[in-house]
Amino acid sequence: MISNTWLIPFFPFLGFLINGLMGSRLSKKIVGLIGCVSVGLSFLYSGVLFILMLSLPAQERIWQPEFYVWVSAGKFLVKAAFLIDPLSMIMMLVVSGVGFLIHIYSIGYMHEDPAYARYFAYLNLFAASMLVLVMANNFLVMFVGWEGVGLCSYLLIGFWYEKKSASDAGKKAFVVNRVGDFGFLLAIFLTYWTFSTLNFNEVTEIASHRFHVGDAVITAICLLLFLGAVGKSAQIPLYVWLPDAMEGPTPVSALIHAATMVTAGVYMVARCNVLYLLSPISMAVVATVGCVTAIYAASIGLMQNDIKRVLAYSTVSQLGYMFLACGVGAFTAGIFHLMTHAFFKALLFLGSGSVIHALAGEQDMRRMGGLRDHLPRTYWTFIAGTLAIAGIFPFAGFFSKDEILWESFIKGNVIYWFVAVLAAFMTAFYMFRLVFMTFHGESRIDASIRDKICEAPMTMLLPLTVLAILSLIGGFIGIPIIKRANLFHEFLGPIFGKGMSLPEIAHSGSASIAFEISLMVISLAVALCGIWLAYLMYIKDTELPDRLAARFSRLYNLVHNKYYVDEIYDALVVNPIKYLSSALWLIFDNRIVDGIVNGTAWVCYYLSVIIRRIQTGYVYNYALGILVGVCLILGYVLLI
Amino acid sequence: MAQFNMNLLSMMIFFPLLGVFLLLFVDKENQALIKGIGLFFSLMVFSLSLVLFVSFDPQTAEMQFVESATWLPELGITYHLGVDGISLLLVVLTSFLTPICIIACWEDITQKVREFIICILFLETGMIGVFVSLDFFLFYIFWEVMLIPMYLMIGIWGNPARRVYAAIKFFIFTMVGSILMLVAILVLYFYHGAETGNYTFDILSFYTLDIPFSVQFWLFLAFALAFAIKVPMFPFHTWLPDAHTEAPTVGSVILAAVLLKMGTYGFLRFNLPLFPEASYYFIPVMCALAVIGIIYGALVSMVQKDLKRLIAFSSVSHLGFVMLGIFALNVQGVQGGILQMINHGLSTGALFLIVGMLYERRHTRMIADFGGLSRQLPIFAAFFMIVTLSSIGLPGLNGFVGEFLILLGAFKSNPAFAVLGATGVILAACYMLWMFQRVMFGGIVYEENKKLKDLSIREIGLLIPIVIMIAWIGLYPKTFLSKTETSVNHLLNQVHSRVLADKNSGSLLSDKDLISKGVVLSGGCSLSGSSGITVR
């Protein structure tokens, strides 16, 4: 059972090979079946492992199957091996489970696409890479998955490569991610030369015994790793690729750019929790970046009109929450939010996909409205997801987000809490703005497609329903306040307990239950305010947004244009590099080096032209030369 | 078996020549037969190299399959061949790619076919000869022999517009280095003779020679210049884009895959073991040039408009990695460097084949003339994508293992250079993916591109072996790394022990110098440089 866990990523990889090599010759039915079944098998396998794991006592819940020696040079040795413990178990279930649902959804969504097989091949490859990422037992194998998911993201964002914006977005995603990977790679080097191993558990072991809080090398490792996480999980300043990634098919956005891949950074930070706990500076960096990203992205989300872009910015913002949690040391809360977010954000994306599908590709919310009656099931599931992300009791997001808010208050400081609450307000506002603009009010849909709107097929509605249920009940495994009812904490205890039990980690005190409850009430009230404001502006008085925009036009333009960050990056980084490269080539290569080379040739040529004149071909000239030579030699010999 | 093994290397060297001899008697109009003969002999060599690879003993650093025969005894010249872990993979790579090249030119070359095949076979002899020679004189002969067919290939079958310019530039650049190397070889020869009374060109006997630093300094420079031009290292690289661009497809493939490796091989075979102190002394210079090469090559590659030129500059960048690994002077770096030589041979070789396939279809190499080919050529697109990813070092494919080990090793001995070198990883993604996007993605702009045919069976057949190797090295590099490890350790021992001995006698460098250059002298560190664990 354990020694065959390589099958878990291998099933989807096999699916990739079959669909990739022969997909064009198979019928769509078979292609879809292979795609879904392969991921389904992984989910099944993971589920069985999960049950097996639960049957073990908490301390024994760790398996490390090793397969073969992958790279070895001198003493450096890295095995292809997995680490299956409660943390990776949760990730495996989320990845294969949500992945499975999204594969099913794709059958319906992508049905018309001519490159159906290619789509499923890529999606399967993604599932395989993502599983490798979360199951790896060392940094290098994780890096394989890490780059693998980056590749699939590149391929799937640019899936409709004939559109320039799509292939541009894919390339942008890959390159920006590579900037992060650069940090990850350096972190791996530094880790190896510090610990002489890349195995997670060994690193943790050595770090907790031989290093002290605040050691510079640990801080360096953590910050470099975090650079990788910032790239993959789209945080400031490397978040710019994620909104553009919405060029890909919507199920891809749901799976890769919301539920799984973008959370890899959070997972990695959580995986290295002991290292981070040893480095208060990096913890502060993680928390601050997370916190700032949460509110920054939420503020951009307020004014986007593209339904998927709103969701994209909300993803960036929610990832910020997860990092905030990790940064204040509440890793369990971070992973908890990661899981619930996977449910409700996948749901929201798939729901938006259902809307886009019904409207024949329309993504602009200004040309939607009143869809509630046309798409009832999409609407109701979408509402479930929206309530969850807004943090309304008893939806999943309520539990996980409140835990983060609470922990950031207790373990962090009040500023983190305040900013996070403000971001929660914005989240509630823009999500309901989205719902009101899309499903309520008067229809602003093109007349040409208004009559053809019909609810999505069963393959699409089924995953929506399952995810809606999960968004509703998923939070209850992590019930706060009541001791021992928090199954999630208990399950992850062995992972995050280790770091917390470090002697030098200060335990910030526990506060009263009444205080915790009052904070919850505050955040709930804030979320409701956000909803009410959205109602006011987009249902009640629909002129109000325009009036406000006119009144604060400067601010509006700044935020509406996403703070001009893309333009700034172009001006400061992209264009200078292009000019520099051209200059190097045209001036250094062509003028200087080749100038010297060709100059030498030129000099030789003209010298020989001059010297050639001596070669006249007349014997008397040569005889004269000989005579002069003889005289010189004789003179030399005689005189000296 | 023993007897058979004894002559394995000679057979590999002279089989292609036998093919050349046969070709002289074949009617030059009978193209199929000519190519068939070429293919047959190159496949024979390849199968011999498989025997070589399998029966190579990875446990010893001694030269294996050694052949030694007196040749010109009065000058101390012998016919001395052998392989070790450093040359083994390069020999196999050469014999692996030659048949692929012959298949690749099957339809491409229609003029003077017989001469072309003769050139390829001659090249193979020269290339294998360079890698297995253990006598300086013999080495130099092969080194120069190789130049001529390459020069002819560019000059005769190249792109008519600038082929002569490119061929001459290639020839002169290489010649300048070669001449200096020849002088250095002679200096070594006479120095060895004067020291030991034994005038010989035998390379192995030079390894024990203790040369004063002042002499090493100049000899290192002479050899280094010859090899740096070949690699090519910045700023001696400008011949490469021209040679690549103007050469026929097969010429580019051989040039990139094998000829460039002669430079890096030369550093490993000669510069490090012969001039260890000088090698130490020049670490900063070499590493700096390597890193400049990595970044410069990548940046310039980004703005190229011609596919072949772009790949040529990417070679400058990739070979910079190899040099960085070699001058990390630890096991990881050097092993990674050797593996990266092979990787570059495979992926860049394949890239040139792929561009050649495009050229055969469209007769242009300008990126702007393409666009949107993915729809038209799905199989081609898949191969192109895999090779591109291999070239940008995607984990799971070959490029990653090499680059990773190089940077890991370099990070140990020279963190600053490693950090700068690692930016090449970002830049590689930029220029390769941008190129891929412009060629393959988007809509089709030009009518001509709508009629392109996807790959033929022949073309698929010649790419598949390369792709298999790309995946193999990426997933299970141990097959190859294990063959090189012992020799690399031995080489590093040679270098480090000599430098350390000097240090102990206080003759060369101060303590501080040595430590700053990466040799940690105190506990917990092995001199082979294989590890330096500093766990507190």
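A:Ala420 touches A:Cys291, A:Ala294, A:Tyr321, A:Leu324, A:Ile404, A:Leu405 and A:Ser408, leaving aside residues up to four places away in sequence. Here two residues are in contact if their C-beta atoms, placed from the backbone, lie within 7 Å. This is a predicted model: local features need pLDDT of at least 70, side-chain atom pairs count only at pLDDT 80 or more, and totals for chains, interfaces and linings use all residues. Residues are numbered from 1 along each chain as its sequence is written, while chains are lettered from A and ligands numbered from 1 in the order in which they are written.

A:Ala420 belongs to the largest nonpolar core, which has 426 residues. Such a core is a set of buried Ala, Val, Leu, Ile, Met, Phe, Trp, Tyr and Cys residues joined through C-beta atoms within 7 Å; buried means that 20 or more other C-beta atoms lie within 10 Å of a residue's own. A:Leu324, A:Ala346, A:Ala420 and B:Leu324 touch the most other members. Helix H18 (residues 414-439) of chain A gives the largest share of this core, 19 residues. Helices are DSSP runs (H or I, at least four residues) and strands likewise (E, at least two), numbered from the N terminus.

Now the contact between chains. Chain A contributes 43 residues and chain B 46 residues. On the chain A side, the elements giving two or more residues are strand S1 (66-73) and helices H5 (139-157), H6 (164-195), H7 (200-210) and H25 (565-612). H6(A) supplies the largest share, 14 residues. By class, this side has 25 nonpolar, 8 polar and 10 charged residues. Ala, Val, Leu, Ile, Met, Phe, Trp, Tyr, Cys and Pro count as nonpolar, Asp, Glu, Lys and Arg as charged, and the others, Gly among them, as polar.

H6(A) also packs within its own chain. Its axis lies 8 Å from that of H5(A), at an angle of about 170 degrees. H5(A) is therefore roughly antiparallel to H6(A), a label for angles over 145 degrees. Among the residues that meet are A:Phe143 and A:Trp146 in H5(A), and A:Phe174 and A:Phe184 in H6(A). The contact holds 12 nonpolar, 5 polar and 2 charged residues.

H8(A) (residues 216-232) packs against H6(A) at about 155 degrees, with the axes 7 Å apart. This pair, too, is roughly antiparallel. Their contact includes A:Phe184 and A:Leu190 of H6(A), and A:Leu224 and A:Gly228 of H8(A). It has 13 nonpolar, 7 polar and 2 charged residues. Axes are lines fitted to C-alpha atoms, for helices over the stretch in contact, and angles run from 0 to 180 degrees between N-to-C directions.

Definitions and conventions: Angles under 35 degrees count as roughly parallel, over 145 as roughly antiparallel, 65 to 115 as roughly perpendicular and the rest as oblique. A residue is buried if 20 or more other C-beta atoms lie within 10 Å of its own, exposed if 12 or fewer, and partly exposed in between; C-beta atoms are placed from the backbone.
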